[in-house]
Amino acid sequence: MENDPSIMESNVTANGTGFSRRQLLKGLTSAMVASTLLGFPFLSLAEKETATASPVIFGQFYLISQAITEHKNISEGASAQIFNAFHRSHPDFAAQVTQLHALVKPGQSAKTLQEAARQQGLGDLVTLIVTAWYTGTVGHGTDSILISYKDALMYRPVSDGLIVPTYCGNGPLYFTAAPPDAAMPESMNADRFTNISESADVSKA
């Protein structure tokens with residue numbers, strides 16, 4: 001039985017909103033994505049809009065990223081940045097993400113997913129996604145886009161013993177933090193000056 005446009009229109013009107021069920025679900029999903037990304041003030045307006053405009057694809061990309069890196073605690077903010085960079089540089093990115101997402105299975109290893117993707121002609125996409133997460137960049141050479149240096153996944157295995165390589169002695173952007181309090185020498189002790197002041201007042205009396 002073919003869809004009758006008049007019936008579809010009546011169903012839209014019947015829910016009392018003027019929107020179809022699909023539109024409502026998409027709107028709710030977009031709102032959920034938008035509220036999630038509010039916690040990442042470093043995101044640009046374009047990065048937020050790209051994710052909220054395609055909430056289902058963004059969600060699929062996030063799940064793919066977790067599966068292919070085998071890291072569950074990856075940043076939604078960084079995911080939005082990488083998603084935006086790929087979305088703008090690869091015209092068929094959304095369609096490829098949907099195809100790749102269909103290959104993700106519960107409990108699947110990254111190696112198994114990578115092999116399944118390669119068989120479906122999606123091996124290059126997997127390589128691009130893994131490279132983006134581990135190096136913190138999307139693209140190559142002068143066209144590359146820096147997503148994150150400090151939080152690149154390649155530094156996680158040694159994060160408990162080594163700082164991220166940088167010219168800053170205590171990690172990236174260390175110089176932007178307020179300097180630590182300096183220890184005051186005994187000669188500058190506030191109590192010492194208070195006592196001198198009190199002694200002077202007594203002598204004048």
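## Basis

Residue numbers start from 1 along each chain as its sequence is written, and side-chain values use heavy atoms, with hydrogens and water left out. In this predicted model, local features need pLDDT of at least 70 and side-chain atom pairs count only at pLDDT 80 or more, while totals for chains, interfaces and linings use all residues.

## H5 against H8

Helix H5 spans residues 76-89 and helix H8 spans residues 123-135. Helices here are DSSP runs (H or I, at least four residues), numbered from the N terminus. H5 and H8 pack at an angle of about 135°, with their axes 11 Å apart. Axes are lines fitted to C-alpha atoms over the stretch in contact, and angles run from 0 to 180 degrees between N-to-C directions. That angle makes H5 oblique to H8. Angles under 35 degrees count as roughly parallel, over 145 as roughly antiparallel, 65 to 115 as roughly perpendicular and the rest as oblique.

From H5, the contact uses Ala78, Ser79, Ile82 and Phe86. From H8, it uses Leu128, Ile129, Ala132 and Trp133. Contact means heavy atoms within 4.5 Å. The contact residues of H5 and H8 comprise seven nonpolar, one polar and no charged. Ala, Val, Leu, Ile, Met, Phe, Trp, Tyr, Cys and Pro count as nonpolar; Asp, Glu, Lys and Arg as charged; the others, Gly among them, as polar.

## Aromatic pairs

The whole structure holds five aromatic pairs. Rings of Phe, Tyr and Trp (its six-membered ring) pair if their centres lie within 6.5 Å; planes under 30 degrees apart count as stacked, over 60 as edge-to-face and the rest as tilted. Phe58 and Phe83 pair edge-to-face, at 5.4 Å centre to centre and 75° between the planes. Phe58 lies in helix H4 (residues 55-69) and Phe83 in H5, so this pair ties together parts 25 residues apart in sequence.

Phe61 and Phe83 have ring centres 5.7 Å apart and planes at 50°, so their pair is tilted. Phe61 lies in H4 and Phe83 in H5, so the parts tied together are 22 residues apart in sequence. Phe58 and Phe83 are both buried. Phe61 is buried too. One aromatic cluster is formed by Phe58, Phe61, Phe83, Phe86 and Phe93.

## Ser65

Ser65 lies in H4. Ser65 is buried, with a relative accessible area of 0%. Buried means under 20% relative accessible area, exposed over 50%, partly exposed in between (1.4 Å probe, protein chains only). Leaving out residues up to four places away in sequence, Ser65 touches Glu70, Ile74, Ile129 and Trp133.

Technical notes: Helix = DSSP H or I, 4+ residues; strand = E, 2+ residues; numbered from the N terminus.
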